[in-house]
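Me: I am new to this structure and would like to learn how to read it. Could we go feature by feature?

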Amino acid sequence: MNVTTRPGTGGTPLAFNPLDPAFIADPYPFYHRLREEAPVFNTGLGFWLLSRYEDVAFALRDKRFGKDFPGNIRRRYGEDRMHEPVIASLGRTMLVLDPPDHTRLRGLVSKAFTARRIADMRPRIRALVDEQLDRVADKGAMDVIRDLAHRLPVIVICDMLGIPEEHRAAFLVGSNVSGRVLDPVPMSREEFDKANAQTEASSAYFDQLCELRRREPRDDLTTELVRAEEAGDRLSTEELRANIALLFGAGHETTTNLIGNGLLALHRSPEQWQRLKEDPSLIPDAIEELLRFDSSVQMTGRVTMADVEVAGVTIPAGQNVITLLGAANRDPAIFADPDRLDVGRENVRPMSFGGGIHHCLGAQLARLEGELVFTALVERLPNLELPGKNEPDWRQNFTLRGLNKLPAVWH
Ligand code: HEM
């Protein structure tokens with residue numbers, strides 16, 4: 001495990017170890033120190049950290065910051081990792097590509113995510129939330145992650161991709177081990193082996209799905225992408241498979257964690273849960289506050305394509321730069337009293353969905369799923385309690401912040 005140490009101005013050194021259990025449990029005190037003592041921080045480990053809202057927003061929007069995925073991976077792992085299946089697959093997705101490839105791939109799927117298309121999904125998603133709650137309502141207990149927060153977004157993205165119901169069982173119970181590839185701390189050989197196995201299994205399945213939709217086209221995203229692939233040089237077979245895998249992964253794990261982290265935060269500030277129960281009309285804005293307060297995506301990466309000055313510090317060309325979305329979200333220059341959860345906070349603009357050309361494609365969908373889950377919970381399980389809320393079981397991931405489990409009970 002890597003630990004970076006630099007003298008901070010606060011006397012004790014600044015040590016960045018994003019997989020330290022204490023950091024995972026509560027990264028926010030470290031972010032506060034970073035913003036105050038070294039807002040543009042060269043870790044000396046081949047990447048820089050940006051932690052102020054303004055600087056993060058700048059880096060996500062300025063064209064001198066790109067993705068340069070091969071360079072990024074080379075700096076993190078050395079020469080030979082581009083061929084690891086998990087890296088090769090990620091490398092073909094819009095998430096890590098620069099224009100013009102990014103523009104082409106995003107253009108092919110963005111029609112499915114227009115505000116209109118997402119709004120039309122509202123009744124189906126509310127019915128799905130109710131279905132998940134019906135399965136557990138009489139039991140008086142559930143694991144929020146397993147029984148609700150994971151299942152709902154998986155079913156929604158399966159619907160969008162046209163994954164037949166009879167193929168879904170494994171996805172509904174599976175957990176993702178590939179997300180660690182997004183962390184700045186390199187994966188171990190063992191982690192690579194697991195992530196590669198998962199990538200290969202899902203690639204094989206998505207090939208099968210594409211084959212099915214070639215034979216039996218439907219009104220779904222896979223059918224649209226297969227048509228684009230067949231139309232010629234707009235989409236290669238590898239890109240087709242990799243971007244379906246991206247949509248599947250991005251479409252559920254992050255939303256699972258919005259629900260899990262959000263419900264935990266509300267129960268650790270019970271007066272805020274009470275406010276939502278008394279006035280559910282607060283919920284749409286409360287989702288922005290929950291996204292801000294404990295973002296399910298804590299960071300994303302960029303590479304300097306030229307020398308760039310940020311807040312008076314020049315970052316040379318060819319450096320990996322980590323924009324700490326979770327730190328930006330607690331910046332007191334933007335959010336008054338940032339460590340307080342306040343579901344009535346106005347005009348919250350969390351950094352959780354990123355910004356610029358890679359701004360989250362599924363942001364509206366995630367917001368809608370969050371709104372409908374929290375609305376159903378305050379309506380149907382107002383007495384819900386989280387017995388383990390003071391010792392949450394966090395996943396050992398930094399970038400994708402979320403819980404392994406979240407037991408709930410009600411009367
Ligand atoms: C990109 C966060 C839900 C699909 C991103 C990025 C962030 C993010 C921060 C930008 C990464 C970067 O700039 O490098 C989140 C959060 C979510 C969520 C916090 C839930 C709370 C979803 C959903 C979908 C989705 C539900 C799809 C169904 C995508 C895709 C990209 C993306 C395809 C890549 C866009 C591009 O590179 O142009 N997301 N996401 N996300 N997200 Fe989300």
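Me: How many bridges join strand 3 to strand 4, and do the two run parallel or antiparallel?

Reply: Some ground rules come with the model: it is predicted, local features need pLDDT of at least 70, side-chain atom pairs count only at pLDDT 80 or more, and totals for chains, interfaces and linings use all residues. Residues are numbered from 1 along each chain as its sequence is written, and side-chain values use heavy atoms, with hydrogens and water left out. Helices (H or I, at least four residues) and strands (E, at least two) are DSSP runs, numbered from the N terminus. Two strands pair if DSSP finds at least two bridges between them. Strand 3 (residues 40–42) and strand 4 are antiparallel and joined by three bridges. Across this pair, F41 is opposite L49, and N42 is opposite W48. The hairpin has four residues between its strands, and G44 has a positive phi near 80 degrees.

Me: Which strands make up the sheet, and in what order?

Reply: The sheet is open, has five strands in the order 3-4-10-7-5, and its pairing is mixed. Strand 3 and strand 5 (65–66) are the edge strands, each pairing on one side only. Strand 4 also pairs with strand 10 (residues 320–324), in the parallel sense, over four bridges; there F47 is opposite N320.

Me: Which way do the residues of strand 4 point, and are they buried or exposed?

Reply: In a regular strand the side chains alternate between the two faces of the sheet. In strand 4 (residues 47–50), F47 and L49 point one way, W48 and L50 the other. All of these are buried (buried is under 20% relative accessible area, exposed over 50%, partly exposed in between, with a 1.4 Å probe and protein chains only).

Me: What should I look for in the nonpolar core, and which residues touch the most other members?

Reply: A nonpolar core is a set of buried Ala, Val, Leu, Ile, Met, Phe, Trp, Tyr and Cys residues joined through side-chain atoms within 4.5 Å. The largest one has 99 residues, and M142, L377 and L384 touch the most other members. Helix 14 gives the most to this core, eleven residues. Leaving out residues up to four places away in sequence, L377 is in contact (heavy atoms within 4.5 Å) with residues including L133, L263 and W273. A second, separate core has 20 residues, among them L60 and F335.

Me: Which residues come nearest the ligand?

Reply: A residue is near a molecule if one of its heavy atoms lies within 4 Å of it. There are 30 residues around the ligand, and K67, H102, T300, H358 and C360 come nearest. A polar contact is a pair of N or O atoms within 3.5 Å. A ligand oxygen is 2.5 Å from a side-chain N or O atom of K67, and a ligand oxygen is 2.8 Å from such an atom of R302. Helix 14 (237–268) is one of the elements giving two or more residues to the shell, and its seven residues are the largest share.

Terms used
Polar contact = N/O pair within 3.5 Å; in protein donor to acceptor, adjacent residues only side chain to side chain.
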